[in-house]
Structure formats: structure tokens, C-alpha cells
Amino acid sequence: MKGTVHYEVKDGVAILTVDNPPVNPLSDGVRAGLVDNIKKAEEDGDIIGVVLTGAGRSFIAGADISEFGKSPDGPGLDEAFKSLEFCSKPVVAAINGSALGGGLETALVCNYRIAGPAAFVGLPEVNLGLLPGAGGTQRLPRLVGPAEALKMMLTGMHVKAKKALDMGIIDEISDDLINDSVSFIKKVSSESKDHPKVRDLNEKVLEARGSDNILLEAKAMAAKSRKGQFAPGQIIKCVEAAINLDDFDEGMKKESDYFIECLVNPQREAMIHIFFGERAASKISDVPRETPIKDIKKAGIIGSGTMGGGIAMCFANAGIPVHIIDQDEDNLKRGVSVIEKNYQFMVDRGRMNQEMKEGVFGLISSSLDYNDVADCDIVIEAVYENLDLKEKIFKTLDEVVKDDAILASNTSGLNVDSIAAVTKRPELVVGTHFFSPANIMRLLEVVRGSKSSDETLATVMAVGKKLKKAAVVSLNAPGFIGNRMLFGYTAQANMLLLEGALPHQVDQALENFGMNMGPFRMLDLVGLDLGWRARKLSGAEAALPSKIGDQLCEQDRFGQKNGKGFYNYSEGSRAPNPAPENEEIYKAVSAENGIERREISDEEIVDRCILALINEGADIIEEGVGQRAADLDVVYINGYGFPIWRGGPMHHANAMGMAEVLKKLNIYHEMTKSDVFKPAGLITKLAEVDGKFGDAPSKEERKEKLSFSESSVAGNL
Ligand code: 3H9
């Protein structure tokens with residue numbers, strides 16, 4: 001059994017400590033421990049009450065996520081919660097750290113809640129495709145009111161102790177949690193035999209009865225921020241039951257039914273795959289866990305443009321002082337004022353207060369002198385993509401920055417080894433590919449140079465975690481992971497346009513599939529002219545998929561930046577309007593290239609674009625450029641708008657079944673004759689054995705992969 005609950009007695013109070021490192025989930029051993037120890041406290045006539053707390057930095061991080069989809073051993077949560085809620089002696093939840101999901105639900109079945117100053121609470125089940133299924137949807141609305149409860153459950157937000165106190169989720173904050181909880185028990189048990197139960201507090205739910213506003217607002221919120229997800233609707237139905245049903249236990253029954261529907265929905269498996277995938281991605285298979293990590297006390301950024309400014313904000317937000325260098329005073333002033341405006345925007349939106357803004361903005365300094373980053377522990381170069389310029393900067397940094405500092409390049413595709421080679425410390429050089437806007441996008445591709453040391457990699461992964469990024473390692477190979485996959489996806493979108501589809505049809509089909517933004521809206525946002533200008537300079541001919549984009553540029557249609565591209569944009573608006581005037585261009589380019597336009601179904605659009613991602617992803621895994629299939633899913637969800645509820649492209653392939661993936665690839669290969677659909681070796685192998693991406697390779701295969709990856713990277717560059 002996993003986890004346990006310790007029992008000790010202090011001044012006649014039983015102290016129950018949940019111990020299931022590192023975050024104390026409610027695994028089978030914990031549930032059994034709760035039932036046994038509450039019984040023990042009940043049976044001991046000298047015990048006047050119970051304090052429930054957690055060992056280490058967490059109170060209880062929720063149900064054990066790894067148990068979902070299996071048949072768990074030991075007593076269920078229901079039994080453990082009943083023993084707490086109906087204990088004849090008062091029970092205080094002494095919340096020492098995170099009380100999330102089933103953890104907060106545990107605290108809600110206790111009579112009282114006292115929190116340490118660093119504690120935080122939340123019901124983040126929605127992020128796992130679930131709803132709070134241990135009474136959270138029925139008890140939290142009773143405590144804080146249905147509107148606040150819905151906000152917490154639909155966002156999954158963490159609420160710090162101070163705010164939780166203001167909201168009424170906890171009763172007190174204490175610096176001396178256990179002693180104060182014991183004194184609290186002594187006080188309340190001497191005053192009364194009756195102790196409050198959240199299930200009996202009906203006032204706030206009754207107030208909401210008879211008005212639909214709260215539920216309608218929640219539905220609007222879910223439709224906007226959780227498009228395509230199943231759990232939010234279920235959560236709202238649970239709260240509706242809490243508001244409208246007189247009997248608490250009937251509400252609990254509804255919650256249980258709706259929870260089971262979430263549990264068996266494929267979205268739950270997909271989202272839990274990403275939860276564990278993000279955590280697995282932070283571990284590098286051949287870098288030992290005990291590798292020392294450098295302490296990053298100060299960071300430097302070279303370049304004050306959009307990327308540099310965004311990265312600086314990430315460090316400041318994490319409480320790490322950061323110094324920005326630019327070579328141009330006007331650029332620097334502009335860059336710093338953009339950062340200030342971004343923070344002000346957050347203040348205006350109520351996302352931070354003025355004092356917090358001053359605190360984080362105060363961590364950012366700037367100058368024109370490279371010597372000012374000499375004492376930094378990490379310096380990230382974030383200038384535009386030009387190898388000569390980056391090499392020049394790295395030579396200077398190598399001279400001025402202290403010898404043991406890490407030097408990182410925020411490149412989206414340049415060769416990190418070439419950049420490292422100009423320094424005397426290639427082992428301290430890596431790529432850190434942030435995504436724009438860096439202060440918002442969660443993805444961080446960490447590019448492993450051939451000489452990057454274990455310590456450098458482990459440190460940069462730890463920095464990624466501190467900056468709250470989803471950090472994924474890629475070998476130093478063209479396009480790394482994400483852009484290499486994107487290439488085939490956008491090429492297919494463009495080919496579909498050449499073959500007869502229109503941009504809004506392609507975008508709509510992929511947005512209906514769940515993509516955050518269709519490919520043509522994305523191309524308009526990025527700008528169509530980058531490749532076109534480069535080709536004009538070099539005289540290179542556009543490849544077939546780029547021909548329409550280049551023709552649009554010839555007509556001065558560069559995308560959102562000048563109000564027209566694949567779509568038209570009204571002044572000051574980012575909303576795409578159809579551009580029927582482009583249709584003649586599409587027809588002409590198709591005809592010039594001997595392509596007969598035809599009706600194309602939405603199914604074909606989705607199949608071709610998504611299969612292109614999957615097929616390229618399979619090669620990336622087989623070459624060892626990405627460590628594991630789930631890493632690619634983490635990349636695509638956090639950097640490219642793939643729907644989290646489908647679990648990423650590789651998980652989606654697993655859900656389709658590898659035989660089906662192979663069948664479809666063969667059909668489109670035959671139809672298009674394009675190598676994009678020539679089934680990857682890994683897919684063919686997996687289809688033969690009814691396997692899945694992510695099936696553990698044997699030791700021999702892993703060894704083979706690692707040595708192959710080294711040669712393939714060298715060959716690719
Ligand atoms: C639920 O409660 C459903 C109920 O309503 C109804 C039931 C009927 N279970 O994140 P970290 C592992 S659903 C199992 O790196 P941090 C994690 O995989 C649950 N394992 O640490 C990792 O393992 P490894 C609702 C868990 O300090 C290790 O712990 N609760 C669980 O950055 C460390 O995790 C949530 O959604 C778990 N519940 O952050 C909370 N939680 O070392 C989910 C973590 O092998 N958890 N692990 O890679 C979190 O948000 C963060 O882990 C937390 C700590 C903030 C607690």
C-alpha cells in the first residue's frame with residue numbers, strides 16, 4: 001500500500017500526519033490510515049479531538065492521480081471521509097502546504113480549518129478532465145457561495161492562505177500550526193459538543209436558488225476558456241444540484257454520477273497523460289537525478305525586444321533579479337517601457353496590485369554595458385536569428401561573464417553547437433527556445449548541445465520549473481521538436497489550399513478539431529513576408545506549399561501587420577474577415593502548377609494536417625531528437641495550441657490506434673504521393689505489434705537509439 005498516516009498524541013489531542021512523499025496524495029495506504037486512526041482516536045476516551053496535517057511541504061495534493069483508471073485497493077475515499085466528517089470529536093485540518101483537489105475536499109469534511117502562512121488551496125480537477133468528486137462541488141458552494149466556488153473549480157486556480165481566509169474557506173492562519181490547532185481543539189471542545197459541518201451550511205446555496213445568472217455566467221466562462229472540454233459542463237451541473245436540491249446527499253449522488261462520466265471520458269486519460277507527461281519531460285533520461293544544480297541568483301538578457309522583454313518578465317515574476325542589455329539606447333528605453341506597460345495592464349485587469357507590480361518591476365534593471373551582466377549566473381541571448389550576430393555576442397559574453405555562468409541562446413532553429421564553439425565553455429552553453437509572448441506561453445524547448453554538461457542541463461531544467469514553464473529537451477537538430485513538426489503541418493494546410501480548399505474552411509475544420517487557431521490565421525499573425533523576403537534576397541524559388549503565400553506578398557498582403565493576408569482585417573482589429581479577392585490568386589497558382597482544384601472535405605483537412613504532425617513526430621522519437629512521445633505532446637499543447645483534451649498529437653495517434661494511423665497514412669501517401677505521408681518506420685513497427693507511442697523500449701533499443709541520435713544530429717546539421 002502507498003503512503004501512511006502517523007498517529008501521535010499531544011495534550012489529549014490526536015495528531016494525524018499524512019505521509020506519502022513528495023506531496024501526500026490520498027493513495028490506498030493513506031485512506032486506510034485515515035480510517036484506522038480516526039477509529040483509534042474515537043475509541044480512546046482520553047482523546048478530546050483530532051488534528052489532521054501533512055508531512056513535508058504539502059497537506060494533501062488530492063486523490064492519487066495514478067490510481068485513476070485502475071481498481072484501487074483498500075477503503076474508498078468515501079469511507080475515509082465519512083469517518084472524518086462523522087467523528088464524534090472535533091477535527092481540525094491543519095493545512096501546512098498545498099491542499100488541492102481531494103486535499104481541500106478532505107479539509108472540507110473537517111469541522112475547522114487552520115492554515116500555515118505558506119499554505120494554498122484549490123480544486124484543480126478540471127485540469128485533469130475531472131470534477132471535484134469527493135464532495136467539493138457540494139461543500140465549497142456552501143462555504144464561499146456558488147459563484148466563487150464555480151470560479152475556483154472552472155479555473156482550477158490556487159488560492160493563497162490569506163485570500164482563503166478572506167473567502168471563508170479557512171478559519172485562521174497560524175505561524176505555529178500544530179500547537180495552535182491543539183489549543184484550538186482544547187478551546188472548542190470545552191465550549192461545545194456540537195461542531196460545524198460544511199454540509200449543513202445552506203444559506204449561500206439557498207440565496208442563489210431561483211436565479212440562473214450564476215450558472216449562465218459560469219457557462220459563458222467555460223465556453224470561452226475551456227472550449228471543447230467535457231468536465232466544466234459537469235461541474236456546472238453539480239453546482240446546479242447543490243443550489244437546487246434540498247437534500248445534501250442527493251447532491252452528492254449527482255456529483256458521483258457526473259464524476260464517473262468524467263472518469264470514463266477519453267478526455268480524462270488525455271489530460272492526465274499531459275499532467276504526468278509534463279513532469280516526465282523535466283527529467284532527462286541519461287542525466288542522473290542527483291546531478292548538482294547551480295543556484296541562479298541573477299540572470300542577464302541580451303536584447304530588449306519582444307522576446308528579451310518577455311523572458312526578463314519570466315525571471316522577475318519568479319523573484320530572480322534580471323539585467324537587460326541592448327546596444328541601442330532607444331531600443332532599450334522602448335523595451336523597458338513595454339515591460340512596464342505589460343505589468344500596468346495586469347494591475348488594470350486586477351491580476352496584480354500596485355505593490356506587487358513595483359516589486360517585480362523593481363527586479364528588472366537595464367544598461368548598454370555588457371560588463372553589467374558579468375556577475376550573472378545565467379545569461380540568455382535573445383536577439384534576432386542571425387548566426388554571425390549570435391556568435392559575436394557569445395564571444396563577448398564569454399570574455400566578460402564570470403567563468404562558471406551558463407550562456408544560453410534563445411534561438412528557434414540555429415545550430416547551438418556552432419554558437420557554443422566560439423566560447424571557451426561549450427559545456428555551459430545550451431539553447432533556450434522560449435515562445436512568444438515569453439511571459440505568457442508555457443513552452444520552453446531546452447536545446448542540448450553536443451557538449452552541454454549534465455549540470456548545465458539539470459540547472460536549466462530547474463530554472464524552467466522556477467519560471468513555471470513546461471520545459472522539454474530537444475537534441476540540437478534542425479527545427480528542434482516543435483518547428484520541425486509545424487513545418488509539415490503548415491505545408492499540408494497550404495497544399496490543401498492549392499488543391500481547392502479555402503483558408504477559412506481549413507481553419508474552421510482544424511479549430512473544430514480543437515486547435516486554438518487555424519494555420520492561416522496563425523500565418524497571418526506571424527507575417528507572410530519573412531520567407532518571401534529571404535527568397536527574394538537569395539533568388540531561391542519557393543517550394544510548392546509556399547507559392548500562394550509568396551503571391552499574396554507580391555500583392556502587398558503580408559498578414560495582420562498591414563491589415564491583409566489570407567484574410568482582411570479592419571483597422572485595430574485582429575478578427576479575420578474572408579478575403580474573396582484572393583480566390584483568383586489561389587486559382588491561378590493552382591493552374592500554373594498543374595493542380596486541378598476540387599471539393600475537399602473537413603475530414604481530409606484534419607486527417608492530412610494532423611497525420612503530418614504524427615508522422616514527423618514518430619521520426620523525431622525514433623531519431624532520439626525528442627526523448628519520449630509524451631514530450632512531443634507537451635510541446636504541441638503548450639507551444640502550438642493543440643487541444644489539451646486530446647492529449648497531444650502522439651496521444652491522439654494512440655487513441656486512434658496505430659493500425660488506423662498506418663491505414664490513413666497509406667491512403668494519403670497513395671493520394672498525394674508526398675513523402676510527408678510515407679509511414680514512419682516506428683509507426684509501421686508499432687502497428688505490427690498493436691503497440692502505442694510511449695511503450696517502453698527495451699534496454700537494447702534505447703542504447704541503439706542514443707547512438708543513432710548522435711549520428712543523426714550530426715548528419716542533419
Ligand atoms: C482529485 O483529487 C479528485 C478528487 O476530487 C475526487 C476523487 C474521487 N497524485 O508537481 P510536482 C506527483 S484529482 C499522484 O513535480 P511541485 C507528481 O507526478 C487530483 N501523484 O511537485 C510528481 O511525481 P514525480 C487533484 C502526484 O512541488 C511529484 O508528485 N489534485 C499528485 O512542483 C511531485 O509533483 C491536483 O490536481 C497526485 N495528486 O507541485 C494536484 N500530485 O516526482 C496535482 C503530484 O514522479 N499536483 N504528484 O515526477 C500539483 O498540482 C502539484 O504536484 C503540487 C506540487 C502543486 C501539489
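A polar contact here is a pair of N or O atoms within 3.5 Å; within protein, one must be able to donate a hydrogen and the other to accept it, and residues adjacent in sequence count only if both atoms are side-chain atoms. This is a predicted model, so local features need pLDDT of at least 70 and side-chain atom pairs count only at pLDDT 80 or more, while totals for chains, interfaces and linings use all residues. Residues are numbered from 1 along each chain as its sequence is written, and side-chain values use heavy atoms, with hydrogens and water left out.

View 1. Gly133 puts a backbone N or O atom 3.1 Å from a ligand oxygen atom. Side-chain polar atoms do it for Glu105, at 2.6 Å from an oxygen atom of the ligand, and for Glu125, at 2.5 Å. On its own the ligand exposes 1100 Å², and the protein buries 80% of that (Shrake-Rupley, 1.4 Å probe).

**View 2. The shell around the ligand.** There are 29 residues around the ligand (a heavy atom within 4 Å). Arg57, Glu105, Glu125, Arg279 and Lys283 come nearest.

**View 3. Around Leu510.** Skipping neighbours within four places in sequence, Leu510 is in contact (heavy atoms within 4.5 Å) with Tyr489, Met515, Pro519, Ile605, Val606, Cys609 and Ile610.

**View 4. Two domains.** The centres of domain 1 (4–264) and domain 2 (299–480) sit 40 Å apart, taken over C-alpha atoms; the bounds come from an automatic or database domain assignment.
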